[in-house]
Amino acid sequence: MAPVAEQQAITEALLDLRDGTPGALDRLVPLVYGDLARVAHRQLGLEADGHTLSTTALVHEAYLRLVDQTRAQWVDRAQFFAVAAGAMRRVLVDHARRHTAGRRGGVGRRTVSLEALEAADSTELAASDRADVLVAVDEALERLASLDPRQARVVECRFFGGLTEAETAEALGVTARTVTRDWVKARGWLFQELRDDAP
Amino acid sequence: MTPPEGKPHVAPVDAGSESASSSGRWREIQRVVDGALDLPPAERDAFVSEACGPDVALSVQARQLLEACERAAGSDGFLAGPAGAFAAPMIAEFAVQDAAAAAERRAALADALQVALSERYVVERELGRGGMATVYLARDIRHERAVAVKVLSRDVVAPGGAARFLQEIRTAAGLTHPHVLGVHDSGDANGLLYYVMPYVEGETLRTRLSREGALPLAEAVRLVRELADALAYAHAHGIVHRDLKPENVLLAGGHAVVADFGIAKALAAATQDGTPRGGLTSAGVALGTPAYMAPEQAVGDASTDHRADLYALGVVAYEALAGAHPFGARAPQALVVAHLTEPPPPLGARRPDAPRSLVALVTQLLEKDPAARPQSADAVLRALDGATAAPAGTPSRRRGLRLATAATLLAAASVGGYAVWKRAPGPPRGVADTAPAPAAIRTVAVLPFVNTGGAAADDFFSDGMTDELAHALARLPGLRLAGRTSSYAFKGKAIAAQEIGRVLDVGALVGGTVRRASDRLRITAQLVSTADGKVLWDSSYQSGVGDVFAVQDEVTRAVVAALTPALGDRRGAAGTPSAPPGGRGTTDAEAYELYLKGRYYFLERGAANIARSIAHYRLAVARDPAFARAHAGLALAYGVLPTYVVDPTDSAAALITASARRALALDSTLADAHIGLAMALVHQLRFADSEARYRAALALEPSNVMGHHGLGVLLLSAGRTDEAVAELRRATQLDPLAKSGGSAFAMALVHARRFPEAEAAARRVLALDSTFPLAIWDLGFAQLFGGQPDSAVRTLERGARMHPDAPGQRSLLLFAYAAAGRWADAERVRAQLNRPGGDPSGGVMAAFAELVFGDREPLVRLLTTEVGQRRWRMFGCNPLLDPLWADARFVTAMRRLAVKACPLARPWPLPPRAGG
């Protein structure tokens, strides 16, 4: 049956991830995506109102479920955080994209107003602007990944996964200093890439 | 790998240009930027120049990135929080938008159906909705009877599925049995597949179980017998139900009627893409309901037969007896697994009073292997005859069922066993589509109905619908209704129910949409829990525009009925929930429309709107002189008029009184009319009579914000400060976003000399509207007497700049200047007031100015005359009047007005006018 094959694939990918096989993470995300998406959706639905979305709680719950499902006690929790961050990114961006579809048909690079970019915590920002920012960040992150995969991964963990610098360092197997520096540079690059300089 | 596109509008060289995409170039830029970031900001530029040497392009790219890094790092907002927090408001709003779009689609479906069926049926409203179909209440024109029309969603019908669906429906339509809901009619209406059933008044077994849990033994047994009877009949005609569940069992007059016989198969036929398959198919599996699905059906066994219905009967019987599903609340997949592998928990333990043979029968129905179950519904009926005759502990002795169950129930109740199983968990979550009745909704806000018709001119009508509903709900005892201003603050805003619930402190929201097309009216209404944003109840209605009253009544009745169970033990007090409380008061649709427009303008406030309001109300009473509510509305409009228009003749009181008395003669239960009279009595300085009228109004409508507000201000003026604080606090609780109520509350706290609280209350209002004059006044007042004269000056000067024409603030500013020792400024204001036409208050302000400068005589003289008293009217413990309490004439005058002397009054609230 399909689910068994899927389980095996997950186990394989987890083993590869543990062994540091290149690409393991990328294979794992789509495999556990459905499950993570369900957890994420539930979390979002529950907590969207309070505007206090606990990404960390989401990641922990998703991790526990995966461990439970695969009985894979040896899964590295920190590494799994990176997987969950990727899943969170897809859930949020898919959601944003579904609602921006049709509104934005254009090709080419998407930019957003400076106001929207810097207004992360402002409650004033309209939903459509939030969606635009998320989609634009996602697309820019794709481009960053082709230039510098590690920087893109750091953004995924820090921004989409809500991980701390220390957790990100552990998840990606690099030093905290590297994460700090990558985060500064990636934010700068994204800022430059996303800002709408048109007068 | 696609190179990132350049930014065409950025002038010199671009960091994202083609050359940078080569990893070598990227690494070079990174190296330079890394090096620069290691240095203090001041040294970075020089470092970049040096590191890049002659490579100008590299230095430009590195500088650009570096600058962006600094900019991004210095920004608090950019990629600051976790994305989830950033997205949360978006998700909430999209959810609202999705809901609105879904409502629109549903409305369009109802319209399309009505058009297609117009010859035979009038579609009245939606009764329910599932994943695949929607059920409407309709009137069968030819036979003058109510029917339920079930329509398949267009997107579930596969090509060629329509013919197969109708074929299957025709087979099911052959059934006629007292416990089977027949099919009257079916067809394909412009691509909409539908079938028509009799409309059965009553509830489903699901609703009953959700509300009450386990059923009394006798009733449970009768129910199982009736279901078995229905199954026996249908099976004998070769029809298997395939989806028996409490949602499909209607309770009509206490008896079970099974709906949707053979529909599961018809749906399967409609949804399959034409591949002929024997027995059940994967699509068929998806169509069943996991919670009631026999193991063989769950795995799509082709030999699945009528015995699957017997398994479902076993689950329903178990649930009716135990008050809970045998496998509890689980995800659909987990339920399927449980049906396949888990034995149900022993029923005897969960329902100790059930006869052993009954427990044995239900257990046998739940056998995994069809061959181990009773082999036919007839066999179940025979077993029931035996089972019910043998209650627990008395095997094999025939005895009357009624006697046995009564005795066992009594025994159970006396030892507390009743309570134990009564409290057993409700139906499995995720199985029931209908949410259980809300536990305790005693507080509700009626949000403005959204006018989806597009014509802004119809806003008065959707608002009228809203107010009509609020008016009816305001009269329900035990229900607290949020104030109109606060509820309307959410008009046109996409805010999550939970958030609104938090702001307004209510348990549920009522809202909906109104669409007036040329000759049709469509209203949707919803009741939403603020605990979790779940829709507790919703429905839609339509009619011709001429039937507006009937539709309004129906909506009101339905909302009241939906809320009434939630009022728990107050249900009896609420009277019959089916009757809409509070009459409309006219049968003339045009007069009613004029009334709604009058009310709309009244609530918009402002001088011009009040004048328009009065004009419309007058037209309304001209058309229908017996229209009590229009008279009451007129009284209120006259009542607030002096706030906006200077009325030197003081004719308002007479106008208010005439309209209010007219209204009360027609309908003595109109709270608004009592409030109008109370306002007129305040104008006449008859405080005690006015209080009685306010209290009468509040007895009729305990949540009437205008009543609490008016009474509070009256008590304040009468010197009953503590009562006033309590009353105005109540008004602000009911209507937390109403600025005038919040300002009056702040003023009451000033009177109570609770200045820090008063300041906080004023600031709450200013947070809603930083320019609201009354709140600026309150804030300045609180600062002035709370020992912050300099802050008071700043506040009141700001107020005077914003509202140069508001007279009250000018004299208060004069007090503030005096308190701050700025006597020159105080002199300037006094001079302005003494200029001809400089005091719009008719001498009151000028008299206060003299008080500030140490001469209380002009003010005492003014406030001991009736004319002066009417112009001022705010007596009581007003700190501005403190020095007057030392004057015997003033004390006597106040006593005559029944104003209590102020125990908090200080001899002179301001520092003496020093030499400088």
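User: Why are helix 6 of chain A and helix 9 of chain A called oblique to each other?

Analyst: In this predicted model, the axes of helix 6 (residues 127–147) and helix 9 (residues 176–194) of chain A come within 10 Å and cross at roughly 120°, where axes are lines fitted to C-alpha atoms over the stretch in contact and angles run from 0 to 180 degrees between N-to-C directions. Angles under 35 degrees count as roughly parallel, over 145 as roughly antiparallel, 65 to 115 as roughly perpendicular and the rest as oblique, and the two helices are therefore oblique. Residues are numbered from 1 along each chain, as its sequence is written.

User: What makes up the contact of helix 6 of chain A with helix 9 of chain A?

Analyst: Ala136(A), Val137(A), Ala140(A) and Leu144(A) of helix 6 meet Ala186(A), Trp189(A), Leu190(A), Glu193(A) and Leu194(A) of helix 9, contact being C-beta atoms, placed from the backbone, within 7 Å. These residues divide into eight nonpolar, no polar and one charged.

User: How do you know that the span of helix 19 of chain B agrees with its number of residues?

Analyst: The expected span is 1.5 Å times one less than the number of residues, so the 16 residues of helix 19 (residues 459–474) of chain B should span 22 Å, and its end C-alpha atoms are 22 Å apart, which agrees.

User: What makes helix 19 of chain B mostly covered?

Analyst: A residue is buried if 20 or more other C-beta atoms lie within 10 Å of its own, and 15 of the 16 residues of helix 19 of chain B are buried. Across chain B, buried residues make up 49% of the 916 residues.

Definitions and conventions. Chains are lettered from A and ligands numbered from 1 in the order in which they are written. This is a predicted model: local features need pLDDT of at least 70, side-chain atom pairs count only at pLDDT 80 or more; totals for chains, interfaces and linings use all residues. Helices (H or I, at least four residues) and strands (E, at least two) are DSSP runs, numbered from the N terminus. Two residues are in contact if their C-beta atoms, placed from the backbone, lie within 7 Å. Ala, Val, Leu, Ile, Met, Phe, Trp, Tyr, Cys and Pro count as nonpolar, Asp, Glu, Lys and Arg as charged, and the others, Gly among them, as polar. A residue is buried if 20 or more other C-beta atoms lie within 10 Å of its own, exposed if 12 or fewer, and partly exposed in between; C-beta atoms are placed from the backbone.
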